[in-house]
Amino acid sequence: MTLQHIVLFSFPRPLDAGEEERMRAMIASWPKEIGLLTKVRFGTDITGARTRGYDYLLYSECADMNALERYRAHPVHQQFLKWIMERDCTPLAFDYYLDEKTVLAAG
């Protein structure tokens, strides 16, 4: 059963252009470097109106909890975690299965 993994990222100061590009490049490498994820999306809010300090969003999907656990333990992901924590990031993660109870419309 497919599992959706969403993470919001809040940094105490805005990332500079180089840091933002580095973050995006690290995430963009995951499909090739880690595998396990069937979808990966990353972006910033276009309005900035209701983010409560969370500036970036990661959306990903994987096959199941086992795949999520393997992704989280992967050295490439661990390197990313180290990088964001060095910048005092406050991540907010939410994981859930996509099933008949959670998918209200498909497209």
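Student: Why is Arg87 called partly exposed?

Tutor: Arg87 has a relative accessible area of 22%. Buried means under 20%, exposed means over 50%, and partly exposed lies in between (1.4 Å probe, protein chains only), so Arg87 falls in the middle class. This is a predicted model, where local features need pLDDT of at least 70, side-chain atom pairs count only at pLDDT 80 or more, and totals for chains, interfaces and linings use all residues. Residues are numbered from 1 along each chain as its sequence is written, and side-chain values use heavy atoms, leaving out hydrogens and water.

Student: What makes Arg87 and Glu19 a salt bridge?

Tutor: Their closest N and O atoms are 3.3 Å apart. The rule asks for a side-chain nitrogen of Lys or Arg within 4 Å of a carboxyl oxygen of Asp or Glu, so this pair qualifies. The two partners come from distant parts of the chain: Arg87 sits in the loop between α3 and β4, Glu19 in helix α1, and 68 residues separate them.

Student: Is Glu19 buried or exposed, and how do you know?

Tutor: Glu19 is buried, because its relative accessible area is 11%.

Student: Why does the pair Arg72 and Asp95 count as a salt bridge?

Tutor: The closest N and O atoms of Arg72 and Asp95 are 4.0 Å apart, so the pair passes the distance rule. This pair also links distant parts of the chain, with Arg72 in helix α2 (residues 65-73) and Asp95 in strand β4, 23 residues apart. Arg72 is partly exposed at 37% relative accessibility, and Asp95 is partly exposed at 31%.

Student: How far apart in helix α3 are Lys82 and Glu86?

Tutor: They are four residues apart, which means about one helical turn between them. Their side chains meet in a salt bridge at 2.8 Å, N to O. Lys82 is exposed, because its relative accessible area is 53%.

Student: Which residues are linked in a network of salt bridges?

Tutor: The network links Arg13, Glu19, Lys82, Glu86 and Arg87. The count for the model comes to five salt bridges.

Student: Why are α1 and α3 described by the direction they have to each other, and what is it?

Tutor: The axes of helix α1 (residues 17-33) and helix α3 (residues 75-86) come within 10 Å and cross at roughly 165°. An angle over 145 degrees counts as roughly antiparallel (under 35 is roughly parallel, 65 to 115 roughly perpendicular, the rest oblique), so α1 and α3 are roughly antiparallel.

Student: What makes Arg52 exposed?

Tutor: Its relative accessible area is 82%, so Arg52 is exposed. Arg52 is found in the loop between β2 (37-44) and β3 (56-62), and its phi is near 50°, a positive value in a residue other than glycine.

Student: And how do you know whether Asp88 is buried or exposed?

Tutor: Asp88 has a relative accessible area of 56%, so Asp88 is exposed. Asp88 lies in the loop between α3 and β4, with phi near 55°, a positive value in a residue other than glycine.

Student: Which residues make the nonpolar surface patch?

Tutor: Met1, Met65 and Tyr97 make the patch, with an area of about 290 Å². Patch residues need over 30% relative accessible area and no salt bridge; nonpolar side chains (Val, Leu, Ile, Met, Phe, Trp, Tyr) are joined within 5 Å, like charges within 9 Å. Tyr97, in strand β4 (residues 90-97), has 32% relative accessibility, so Tyr97 passes the area cut-off.

Conventions:
Accessible areas come from the Shrake-Rupley method with a 1.4 Å probe; for residues, only the protein chains shown count as cover. Helices (H or I, at least four residues) and strands (E, at least two) are DSSP runs, numbered from the N terminus. Axes are lines fitted to C-alpha atoms, for helices over the stretch in contact, and angles run from 0 to 180 degrees between N-to-C directions.
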